[in-house]
Amino acid sequence: MKYWNEELETKPWAEVEQWQAGQIAAMLKDLRRRSLLYAELHAGVARDLPLRGFADLQALPFTLKDHVRAAQEAASDERPFGRNQAMAKSEIVQAIASSGTTGKPLYYALTQRDTEMFTDAIANTWFTGGVRKGDTVAHLVGLPMVAGGMPYAEGFRRIGATLCWLGGFPTDRILRELRNLRCTTLLATTSFGLYLADQWEQLGREPGAVPSHLHTVLCGGEPGLNQPEIRERITHGLGIKALRECMGLGDVVSAMWCECEHGGGMHFNAQKYVAIELIDPATGEVRPWEDGATGEIVYTTFARDATPVVRYRSRDHALITGVGACKCGRTSPRIRCIGRTDDMLIYKGMNVFPTAIRDLITTHFSGRVEPLLRIWKESRDQVRFDAPIPVDVEVAEAFSIEHGQALARQIEEQVRGQLQVRVAVNVLAHGELPRGVYKNSLLAVREPA
Ligand SMILES: [Zn+2]
């Protein structure tokens, strides 16, 4: 078996979209009856909107995260998931929570059919990433309720792989179980992947250590794998054959994008249940999927019963790295995530993604700094900076901290020259920045003194 769903994965993308248009039209028929949110949002749209082709989707308004949040805040006893709860409470079999790194968590509901859809789409995503029956997969997300918790686990089991849910154990235990259980595949955040890569070899030298069986690492949760240095360190440190980036969204489906064996950007793998559009984030205009294009990804779920979303703005900005048939035969567009609108910072009128600062520093100063860094905000809501943006950088193991001041000035110069924003670099000793198992935030908020 080469594909999880050969027909949909290899059909020309325009035909996939045409098929999706039919699915969306059927879903829209009773959406307004089921969801109070869409009764309101779609009130101005003709009830018999003819969805003849995929482009007709553009007649529908966008759904924003604020809409979803406000809908949830109107929760009641009947509708604990709020005004977008589109199924009776008795039909809901699972609640998912966003990881809640910013503000209150958002909740999503799944019916039995939704969990089936999630599991199949996520399994498809892992399959594209190279996971097969016979693999033993270490799942390092410690919280079952988050989008990357139980849904990811079920995706692995659906493929027939052996699930080892190690998330939640202390790190040293995770490291030992990985070897003892002969794990072949690992799912982790990029930063944890790096941490592991640093420890792996040393652990293998302990008396009685089981030789490593790892060959594939799925990395996601943070955009960062577009840096060759990070890839090289994880691949080399863990001695693996394949490092595949993956991405999803709890509001839509927890894992939808993953790189195939040819790399070069993540394929979309949820086409059986979810439609995607690329838009200009400033004007909302739809952009064609073209090599080199950038834009925000917009999602429409046409098989999510309990908490559906239509033209949902993800705030994820992507660079299109490939369209048309890939060498693997898959036809879905390939992307790299380049940042999130939510994270955008403004220094004296210049917009900058924190990821752009990180990518520049860690690529240009590779060998001298760690590929991790931390950008400080005074408050959670701070977007504008009038003073240089504070950045903590950690030196590489081989680099002497004595030269830290000179390094800091060089980094500041480089960032100013390349990105037209000023940063104030604080150099930390090796190992001083925290490494998390689940979603390490690049942005940190200073606690009030
Ligand atoms: Zn491919």
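Reply: Leaving aside neighbours within four places in sequence, leucine 110 is in contact with Ile92, Val93, Gln94, Ile96, Thr115, Phe118 and Ala306. Contact means that two C-beta atoms, placed from the backbone, lie within 7 Å. This is a predicted model: local features need pLDDT of at least 70, side-chain atom pairs count only at pLDDT 80 or more, and totals for chains, interfaces and linings use all residues. Residues are numbered from 1 along each chain as its sequence is written.

Leucine 110 is buried, because 24 other C-beta atoms lie within 10 Å. The cut-offs within 10 Å are 20 or more other C-beta atoms for buried, 12 or fewer for exposed, and partly exposed in between. Alanine 306 sits 196 residues away from leucine 110 along the chain, yet their C-alpha atoms are separated by 5.5 Å. Leucine 110 belongs to strand β2 (residues 107–111). Strands (E, at least two residues) and helices (H or I, at least four) are DSSP runs, numbered from the N terminus.

Next, helix α9. Its 15 residues, 190–204, reach 21 Å from first C-alpha to last, close to the 21 Å expected at 1.5 Å a residue. The expected span is 1.5 Å times one less than the number of residues. At aspartate 198, α9 bends by about 30 degrees. That bend is the angle between axes fitted to the seven residues ending there and the seven starting there. Buried residues of α9 include Phe192, Leu194, Tyr195 and Leu196. Their cover includes β5 (185–189), β6 (216–220), α10 (228–238) and β17 (369–377).

Four strands form an open sheet, β20-β19-β17-β21, with mixed pairing. Two strands pair if DSSP finds at least two bridges between them. β20 (423–428) and β21 (443–445) are the edge strands, each pairing on one side only. β17 and strand β19 (residues 389–395) run antiparallel, joined by four bridges. Arginine 374 stands opposite aspartate 392 in β19.

A second open sheet has three strands, ordered β16-β15-β18, and its pairing is mixed. β16 (350–352) and β18 (384–385) each have a single partner strand, so one side of each is left without a neighbour in the sheet. Strand β15 (residues 345–347) pairs with β18 in the parallel sense over two bridges. Isoleucine 346 has arginine 384 of β18 as its bridge partner.
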